[in-house]
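Here is a short tour of some strands, a sheet and a few charged pairs. Please keep the model open as you read.

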Amino acid sequence: MKLFNYLLLFAFMALSSFLSAQTVSGTITDGDDTVIGATVSAGSMGTVSDVDGKFSLDLKTAGTYMLTISYIGYDSETREITLAPGEDAIMDVNLESGATNLEELVIVGSRTAPRSNTTSALPVDVFRAEDLIATGQTTFDKALQYRVPSFNTVQTPVNDATSLLDPYEIRNMGPSRTLILINGKRKNLSALLYTQTSPGRGETGADISGIPVDAIKRIEILRDGASAQYGSDAIAGVMNIILKDNDEQGSFTLRTGITSEGDGEMFGISLNNGSKMGRDGFINYTLDLSKTELANRPGTVDAAGEAGDFGAALSDVQAFLADRPDAGNVNGSPETTASKFAVNFGNKLTENTEIYGDAAYIYKRVNSFANYRTPYWRTEEAFPYLADFFPNGENGEYVGYVPTFEGLLNDYNATLGFRTKKNGWIADLSFTVGGNQQTYKVNDSHNRNEVLVPNWVDANGNSQQEPSEVTYAQRYRENSPITFDPGGTRFTHTVGNIDITRRLSDRIGIAFGSEFRNENFTIIEGELSSYEAGGGDSFAGADPRNSGKFNRYNFGGYADAAFDITDDFLVNATVRLENYSDFGNAFVYKVSSRYKFNEDKITLRASFSTGFRAPTLHQIFTQKAQYSFVPGQGIQVGGLVNNVSREARLLGLPQLDAEKSTNFTVGVGLRPSDDLSITIDYYNIKVEDRVILSTEIGASSGGGTSLDQILTDNNLSDLSFFVNGLDTRTAGIDFVANYRGLKLGENALNVNLAGNYTLQNERIGDVKNPAIVSSAGQSVANQTQEALFFTSRPQYKVILGLGTDIGKLGVSLNNTVFGPTTFYQQGLDAGIFTEFSTKVVTDLAFNYGISDKTTFSLNINNLLNVLPEWEFKSETSGDSRLQDSEFLMEQSNLITFNQRYSQMTYDGYHFSQLGTMLSAALNVRF
C-alpha cells in the first residue's frame with residue numbers, strides 16, 4: 001500500500017509538471033561545432049545539451065531566471081532571461097574556449113557522443129560524491145550499498161585474507177562480472193581470490209573500497225552488458241569513477257565514529273585541494289588517512305555441540321565456556337588502518353591538444369583473527385608444548401590460543417594520456433598501469449605437525465652416508481615458530497588505448513579504437529614453516545611448487561556508430577574482436593536504440609548484446625592448501641587444484657575457457673520536468689560456461705581412483721578446482737525515481753525512490769561435471785554452491801531517501817529495504833535451508849552550515865538497531881522437523897560452528913551485523 005502511495009505521489013507530480021512547465025531551448029556551439037553535454041542550469045533546475053548541441057530546460061513558473069551554461073574546456077556563461085506567463089524562449093549560446101579538462105559528461109555505454117542518463121539508450125545511474133558522503137559510511141563500497149539498489153556487498157563471516165576486500169556485485173552476478181573504470185580507463189583487479197564458502201566464492205574484482213570518497217566528483221553506473229565497448233568483465237555492468245577536477249577550491253574533513261556497542265571506533269582526516277597548473281591546466285589531489293578499531297560480534301557457543309564435535313568431556317567444555325561464553329572467538333569487523341592518495345590533472349599543450357592523467361595509491365593494513373583454538377580442541381595431551389607456547393590463563397596456564405591474521409594491501413593505478421582535436425576528428429591516446437599486492441602474517445600459531453630431517457653430517461663434520469649412521473632432527477611441533485610468513489599474491493597490468501571519434505554529420509557519429517593489455521599474476525611463496533607439513537595452524541602458506549609468476553596478454557579492437565535517424569530516434573551499434581594469448585579469440589557485438597517523444601519527456605530504450613569474460617589468471621593458476629570449516633567436523637584442510645597442473649591432468653580436468661553472455665534490456669525514461677525523472681528497466685542476462693570454483697570433492701565411495709590417490713598423497717580431506725560448470729540466467733527490474741524541490745511550506749523536499757527486483761537467477765540445463773567427479777557420484781555445484789551463486793544476495797532491495805534544508809540545517813532520512821536471502825548450507829538435512837528475513841534499515845543524517853566555509857554533519861546509521869535474522873525453512877510444507885527444537889539446535893550448530901557465527905551463519909548474510917553506528921564529520925573549505 002505504501003509503495004502505491006509513493007507511485008501515486010510521483011504520478012501527481014509528473015502531471016502537474018506537464019501542465020505548468022515553461023521552456024527555454026536553444027543550441028550550444030563553440031564557433032566551429034556544436035557542444036555535446038554542456039550543462040544548462042537555473043538554480044536547482046538543469047539539463048544538458050544533446051548530440052546536436054541542443055537543449056531544452058523546463059522552468060516551473062513565469063519570472064526572471066539566471067541561466068548558467070558551462071562545459072569543461074570552455075568559459076562558463078551566465079545570462080538573464082525573463083518569461084511572461086505561458087511564454088517560451090529560444091536562446092542560442094556560443095561558448096568561448098577556456099581552461100581544459102577531462103570531459104564533464106562521460107556517460108558510459110557508448111564510445112561516441114555522451115548523453116544524459118534519461119535520454120541515453122542504456123540505463124545509467126549518476127551519483128555525486130556528496131550523495132555517497134551523506135550516507136555516513138566509511139568506505140566507498142559500503143556507501144554504494146546504501147545508494148544503488150542493484151549493488152550489494154557485505155563483510156564476509158571469516159576475516160582472514162577476505163578482510164582486505166569484501167566481495168561486491170551488481171545484479172547478483174559476482175564481482176568478476178562488473179568492470180571498474182577510473183576516468184574512463186580500466187582499473188586493475190585485486191590480487192585476492194575468494195575461496196571461502198561465502199558470497200563471491202571463486203571470484204575476484206577490482207578493489208573499490210580503498211578509493212578516497214573525497215577525491216570523487218561523480219560515479220556513473222551502467223546497468224547493462226558492455227563487452228563490445230570495453231572488453232572482458234563488463235557482463236553485469238560498468239562503474240565509471242570520475243575524479244574531481246576543481247582547480248579553485250579545497251577542503252579538509254575530520255571524521256569520527258563508533259558503534260552503539262562502544263566498539264568499532266573510527267578516526268579519519270582527509271584533505272582535498274585543487275589549483276591551476278600553468279595557464280590553462282589544473283591539478284586536484286586528495287590525501288585520506290583513517291583508522292577503524294575492531295568491532296566484535298561473536299555468538300554464545302553451545303557446549304553440547306562442542307563436546308560432540310571435539311570428542312571432549314561435556315564438563316570440561318562447560319567449565320571453559322563459563323569464563324568465555326563465546327569460546328574466545330573474535331569475528332565482526334576487523335581493525336583497519338588505511339592511507340589513500342589520489343591526484344587528477346590536465347593541461348592544454350596547444351589550441352587543439354591537451355595532456356591529462358590521474359594516479360592513486362592505497363595502503364591498507366588489517367588485523368583480524370582465526371577461530372579461537374580452545375584447550376579441548378588443541379589439547380595439551382596431543383600437544384604438550386602448548387602450555388609453554390601460549391600461557392594465556394590468569395595464572396599462566398594453557399587455556400587455548402587465537403591465531404592472528406595480519407593483511408597488508410598495496411594498490412596503485414595511474415594513467416597518462418593525450419587528447420587531440422583536428423579537422424573534426426578527436427583522438428585519445430592513453431597508457432595505464434595498475435597493481436595490487438596482498439601479503440600476510442600469521443601470529444600466535446604453530447606448525448602442529450612433525451618433520452624428521454636427516455643429518456648427513458655428524459657432530460664432528462664427518463659425512464654419514466650409510467643409512468644406519470644417519471640421525472634425524474625433529475622440525476616443528478615443540479620446535480615450531482609462532483610467527484609465520486605465508487607469502488601472498490600480486491596482480492599487475494599495463495593497458496594501452498587508442499580511441500578515435502568523429503561526427504560525420506549532424507546525424508552520424510563514429511568511433512573506433514584499440515586496446516592492448518598485459519597482465520601478470522604472482523603467487524608469492526611463503527617461508528618453509530608456513531606451508532611444510534600443513535603449515536601454520538589457521539592459514540597455510542604458499543608452497544614454492546604452487547608459486548610463480550604467470551602472464552598473458554590480449555589485443556582487441558572495436559568500432560562504434562551512432563545514428564540519429566531523427567531528432568528523437570537513435571540507433572547505436574558496436575562490434576569488438578579480441579584475441580587472448582591463452583584461449584584465443586572473442587567476437588562480440590551490441591545494438592541499442594532510443595526513441596524520445598512528447599518534447600523529450602518520454603524515452604523508450606532497448607539493447608541487445610553479446611559479451612564474454614575471460615577467466616582471470618587467479619582462477620587459472622591458483623593452487624593451494626586451505627583451512628576451511630566443514631559442518632560437524634570443525635576446521636579441515638582442503639586443496640585447491642589449478643587447471644594446468646599435473647594433478648589436473650591426472651584428474652582429467654579441462655582447461656578453462658571464456659564465459660559467453662547474451663544481454664537484453666528494455667526500459668523507459670521519463671523526465672516530465674527538470675525536477676522529476678523516472679526510469680524503469682527490465683534486464684535478462686544469459687551466461688554460458690560460467691566459471692565456478694567447485695564444491696569440495698571428497699574421496700570416492702569405492703576408493704582406488706586418481707582422486708583418492710591425490711587426496712591421500714597430500715593429506716587432504718577434499719579438493720576443489722575451477723571449471724566452466726554452469727549455464728545461468730539472471731533477470732530482473734530496476735526502478736529509479738528522483739524528485740527535487742517538492743514544496744513543504746517554506747522548504748523544499750528532495751525525494752529519491754529506487755529499487756531492484758530479481759525475477760530469475762538460476763542455473764539452466766545440467767551441471768557440467770568432469771568425468772571423474774560424476775563417476776564418484778559427486779557434483780562440482782551442489783545446492784550449497786548454487787545458493788551462493790543465485791540467492792545469497794537480497795531478492796529485492798528498495799531505497800527511499802528524503803532530504804530537505806531548513807535554513808542552515810540539512811536533514812535526510814534514508815530507508816533501505818533488504819529483501820530475503822536464501823542459503824543451503826553444507827551439512828543440513830535434506831530439504832532444509834535457511835532464509836534471512838526482509839529488514840528495513842533506517843539512516844538519519846544532519847548537516848549544519850556553521851559558516852559559509854564550515855559544515856558539521858552527524859549520521860546515525862541503522863537508527864533502529866535492526867540486525868540480520870534468519871530461520872530454518874523446509875522445501876516440504878508442514879515439515880515436522882521445524883517443530884523439533886533438538887533437531888533445530890543440531891542443524892544450527894552445524895552451520896554456525898556451534899553458534900560462534902549465530903548472527904549470520906558461516907556462509908554469509910545480507911547486511912551489516914554491527915547494528916547502530918554513529919559518525920560525525922567537520923568539513924572546512926578554503
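Let us begin with strand β33 (residues 602-613), where nine of the 12 residues are buried, buried meaning under 20% relative accessible area, exposed over 50% and partly exposed in between (1.4 Å probe, protein chains only). Strands here are DSSP runs of E with at least two residues, helices are runs of H or I with at least four, and both are numbered from the N terminus. This is a predicted model, in which local features need pLDDT of at least 70 and side-chain atom pairs count only at pLDDT 80 or more, while totals for chains, interfaces and linings use all residues. Residues are numbered from 1 along each chain as its sequence is written, and side-chain values use heavy atoms, with hydrogens and water left out.

Strand β33 runs antiparallel to β32 (residues 584-597), joined by eight bridges; two strands pair if DSSP finds at least two bridges between them. Tyr-595, for instance, has Leu-604 in β33 as its bridge partner. The two strands form a hairpin with four residues between them, and Asn-598 in the turn has a positive phi of about 55°. β33 also pairs with β36 (residues 659-673), again in the antiparallel sense, over 12 bridges. There, Arg-613 stands opposite Glu-659.

Now to an open sheet of three strands, in the order β42-β43-β46 with antiparallel pairing. β42 (821-823) and β46 (870-874) are at the edges with a single partner strand each, so one side of each has no neighbour in the sheet. Neighbouring strands are turned by 35° against each other on average, direction ignored. Helix α14 (residues 885-896) packs on this sheet and touches β43 and β46, its direction making about 115° with that of β46. Contact means heavy atoms within 4.5 Å; axes are lines fitted to C-alpha atoms, for helices over the stretch in contact, and angles run from 0 to 180 degrees between N-to-C directions.

Finally, the charged pairs: the structure holds 59 salt bridges, each a side-chain nitrogen of Lys or Arg within 4 Å of a carboxyl oxygen of Asp or Glu. Three of them are listed here.

| Salt bridge | N to O distance |
|---|---|
| Glu-335 and Lys-291 | 3.4 Å |
| Arg-419 and Asp-428 | 3.2 Å |
| Lys-873 and Glu-871 | 3.9 Å |

Glu-335 lies in β21 (residues 335-348) and Lys-291 in β18 (residues 281-292), so this pair ties together parts 44 residues apart in sequence. Arg-419 counts as buried at 11% relative accessibility, and Asp-428 is buried at 11% too. Glu-871, at 43%, is partly exposed.
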